[in-house]
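Please follow the chains in the order given below, beginning with a sheet and moving on to helices and domains.

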Amino acid sequence: MTPQPQPIREWPTWRYIFELARYKPWLYLASGLFASTMFYVFPLIPGLIVRDLLDGLTGAAPLQVDIWALVGLFIGVWFGRHLFILFAVIAEASLHMIINTLLRRNLLAHVLQQPGARALPHSPGEAISRFRNDVESMPEFLSWTIDPIGQAIVMIAGLSTLASIDPLITGAVVIPILITLVIVNIASKRIQRYRQAAREAIGSVTDFLGETFGAVVAIQLAGTHEHVVKHFAARNETRRKAALADLLFSQMLETFTYNSANFGTGILLLVAARAMQGGASTFTVGDFSLFVSYLGWLTIVTSMFGSHLIRYRQTGVSVQRLMGLMTGAPPQKLVEHNPIHILGDLPALPPPPTVSAAPLEMLQVRKLTYRYPGSEKGIGPIDFDLPRGSFTVITGRIGSGKSTLLRVLLGLLPKDSGEILWNGQPIPDPAAFFTPPHSAYTPQAPRLFSESLKDNVLMGLPEDSFDFEAAIRQAVFERDLAELDEGVATLVGTRGVRLSGGQLQRTAAARMFVRQPELLVFDDLSSALDVDTERLLWERAAQHPGQTFLVVSHRRPALRRADQILVLQDGRLEARGTLNDLLASSPEFQRLWAGDFDTQTTHSE
Amino acid sequence: MKSSRRTYASLLREYFRPLWQRALILLLLLLAGIALQLINPVLLSSFIDEAIANAPLQRLLTLAGWFLGLAFLRQIGSVAEAALAADIGLRATNRLRADLVRHCLNLDLAFHNARTPGEMIERIDGDVERLNNFFARFIIDLLGNALLLLGVLVLVWNIHWQLGLTLVGFTFATLLLLNRLRDIGVPLFKKARQADAELYGFIEERLAGTEDIRANGAVAYTMRRLLEYSRRMYRANITADIVSVSVFGVTRVLFLSGTGVALGLGALLYLDGLLTIGAVYLAYRYTEILLQPIEVINRQIQDLQQAGAAVVRIQELLNRPSRIQDTGTTPLPATGPLPIQFEGITFGYIDEDNATGAPLELVLRGLTFELPAGSVTGLLGRTGSGKTTLSRMVFRAYDPTQGAVRLGGQDLRSVPLAEVRRAVAVVTQEIQLFHAALRDNLTLFDPAVPDEKIEQVIRDLGLGEWLNSLPAGLNTILQPGGGGLSAGQAQLLALVRVFLSDPQIVVLDEASSRLDPATEHLLEQAITRLLAGRTAIIIAHRLGTIERVDNVMILERGEIQEFGPRATLAADPASRFAQLLTTGLEEALV
């Protein structure tokens, strides 16, 4: 991922982290205080107690208190530490989940604002890895930012304690710690490289699994099962090697840093050998035990410190990937401080506007133009009018620009030029304007979500002020509904009942009808409906004289019902008029009507 | 739990045992590491005692040198141990993954229809991943650390039996407590993971439906739902975290109390002159070491429980038999077109989640017909009329509920499955391309097909120029998702696959998407060649296609509405087919 340049990335990684820390500053500090400082400082205390005990026993420094009091103190200290860890976990886990939620909220809000057609850089499945792994790595690093403070305290306290006992010996044992630090720094780039290779190898395996089970019929017919398994095994083998290289390298570093505690102790033995000789010297047995105990802890702290640098780089990769979802947004949008209501009550949804401030009298489209980036393909310039209560059908061959026209009109694709006028008033931001109660839209392949049928239709509308039943009827769905075992509560979507193509389209239509918009836009609604159902649908639509329809279709029931037909060809408006006009005047429309050439096909299946 | 224990055992037997040599080395490394770990405090202890006893410097330096040398050995050993454990885990899980893929590839289409490729990824890669640790560490760690635990207790007992007794008591109490408290966290974590999964499921679905959400004014509602899912996740995770940290803390404090008591006891024994100061120190260090095996054992057992769900799912998959029994022995004629006969075929899909095996609503109802060898039949009908199901019966994707399908006069159930599949080729609307070499995409990873033959077929289909433009020819890696290929080229590649297999029967689900005229033309020519000398069924979407078929069959709700020679039906104004021709095919096929 790293070589991909991200032009929008104007902030260094730490700016994002800083903004996130400011979101809940007290929680951040509390988490830091409990999780980091106490975590690092506490283990220093038992070492002191044991030293006092040993020195008290050997007579190097007479015991101030009873042995069992020291033991009690020793246990008490550990108990206190675990109490702190409990607080630390609560604070840190809260902080993590709050920051995760904030980031996901900002990401989803931005994606939903994007022109629908190009909201994501890759597939939704790929985006999930960003919503999960990359989001999670942000608060993880955030929590680590306070650790260096705790680590510095430990370093200074620990080393100065050791130095006060014997500065020379301290100097000798600090060396392995320094070497560790240097080596970890040098190696951090390579660690990243190995990690990246390992990740890619995993991706190659899951990729192949997905493709294999998407092509299971072809493989079964080809009878190449064993070859496929062999290929799969080869990719797994690559992954094994990449994973081992990754692990071996980081383990080598890790064990090295960890074991340098032992080296430190070894050096301590060499240096202390002379100092301790005779027992009466200034370096006591208690001092020795304290050294051993501190060195171990200091080394662990040191290796953690070294890994911060690696983490910072990895977090940078995540920031880039997250900003990849925030197309065109300034950096602060990602970390913007928005309320997320993780505790307490969720505020009520604002009531949806039911009546349009400006009921549609006339929608005018003037010289509307759009070209797909980097290609000549697109639409326009196109002009047409939609008077209130009219029924307009857009038709044309596949690829003539019908769906594109709808999307540009609705702001789901950004128009290049042209004007859209609502009752004579220009609409500056179609994307924001063309939502209920002004308009509603059903795409060519509508999506339902894994919720109840009713939730899918209402999508948050209060039931008492919107007529769910009427919408179902207008969508010609009442008979289907009666056949569903659990009626309106039936779970639909990918994890629920699989509706047929036609049922799905009519549910989506009901979702649109229930909002009672001024303008209803269908992209090929009827493509999966049989002729009778379609006729009924348009008949029922006619019973709502206030509604204005804009429909993509090439089927006769819709064309017969139309007040106006727009014929598109290669992105231009080839002809416009009533059915009879066009049958008389437009050769392209005549061909479409007759359907007598190969390119005129349906979208079915 | 009992059955899953047997499952663990069988998984270990199958996938862990072949790696026993590696496992043995791993165990030796682990034991060596433990031994070094135990010697380390002994060296320190004797160092203290000798230093106090005014031993010569040379002696002290030797001890320090030993200490350094052993530390270095331990470092090397622990790297080797980690790498070897990972290697064992990966080898075992990779074999398990391959076995799962092999098993699933052989399962019937009913199984695959009920599952998305995404789910299969999760079941084969995700679930098996959770067993990595089980193979890599479980047995070895449990064994090694139990030995370490015992070893330390014996050593401490050797220093003084009172110390030993204290530690044995505390160790036992800690393990007992662990065992009692362990299960508290498991259901909470399960719940937390479920909340996570639901949140990501929610996000994934919404990301795929941004237009639906925005153009219907449901952005505010969707954002609110996100927060609802996040709140649920927050609560579930915080609860699980608090409980598990508390459990961990309680057991640890209990054990560390034991360490404290042992320390105090050691001090008293020293004052009584029963121990040297070095021995007191040694006992203290040993108690610290004891913490490690206790935690490792705890972690491994916890891990095993979390792996439990994965084991159950894997076993489910492996135990799912194919509904297609491959017991036939009669061969099919090796060459020439084969006639296709349906004799009273009735078929309904079987509910995957329903164990009774009773078919759901019937998709095909009593179909009887014969397609002569070498004939081309156009299949028409509305969506859901059973066209696709009928075409799949031909290559025995499913066995009929009633009746028999015969190819060349042979009941398919009496013919080896491989024979049937070799004889039939299917071209679907959508071709699944692999992110792999072009060659592998065309032969489906069969290395035996010679390059020259593949290249010849590609050139015959008019793709020679395209092939020449590829940087590495047949070895060019196709981009993921078929990127870089037009829909038409992908269709042509699907035909290359079919030509390479040289089938006797072709089932063609005609593409309904529009192609550019040039590709369209190429495709038409290729199909004409493909149909020559083969029995064919075409699920037709275009009038142009219908014109080249010999017979027409119209399906309606799983029954034959009309079947006969195209010319005869077209000439009969009362026929459904003739009506279709006048009203337009378009409205009939939807």
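In chain A, four strands form an open sheet in the order β2-β1-β4-β5, with antiparallel pairing, where strands are DSSP runs of E of at least two residues and helices are runs of H or I of at least four, numbered from the N terminus, and where two strands pair if DSSP finds at least two bridges between them. This is a predicted model, in which local features need pLDDT of at least 70 and side-chain atom pairs count only at pLDDT 80 or more, while totals for chains, interfaces and linings use all residues. Residues are numbered from 1 along each chain as its sequence is written, and chains are lettered from A and ligands numbered from 1 in the order in which they are written.

The edges of the chain A sheet are β2 (378-387) and β5 (425-426), each of which pairs on one side only. Between β1 (residues 362-371) of chain A and β2(A) the antiparallel pairing runs over 7 bridges, and Tyr370(A) has Ile379(A) in β2(A) as its bridge partner.

Chain B holds helix α9 (residues 219-271), whose 53 residues reach 76 Å from the first C-alpha to the last, close to the 78 Å expected at 1.5 Å a residue; the expected span is 1.5 Å times one less than the number of residues. Just after α9(B), Gly273(B) takes a positive phi of about 80°.

Helix α3 (residues 44-58) of chain A packs with α9(B) at an angle of about 10°, their axes 10 Å apart; axes are lines fitted to C-alpha atoms, for helices over the stretch in contact, and angles run from 0 to 180 degrees between N-to-C directions. The two helices, α3(A) and α9(B), are therefore roughly parallel to each other, a term for angles under 35 degrees. Val50(A), Leu53(A) and Leu57(A) of α3(A) meet Leu263(B), Ala267(B), Tyr270(B) and Leu271(B) of α9(B) in this contact, contact being counted if C-beta atoms, placed from the backbone, lie within 7 Å.

Chain B also has an open sheet of 6 strands, ordered β6-β7-β8-β3-β9-β10 with mixed pairing, and its edge strands are β6 (424-427) and β10 (559-565). Within this sheet, β3 (residues 376-381) and β8 (residues 535-539) of chain B pair in the parallel sense over 4 bridges, with Gly378(B) standing opposite Ile538(B) in β8(B).

Finally, 13 residues of domain 2 of chain B are in contact with 14 residues of domain 3 of chain B. On the domain 2 side, α16(B) supplies the largest share, 9 residues.

Conventions:
Contact = placed C-beta atoms within 7 Å. Parallel < 35°, antiparallel > 145°, perpendicular 65-115°, else oblique.
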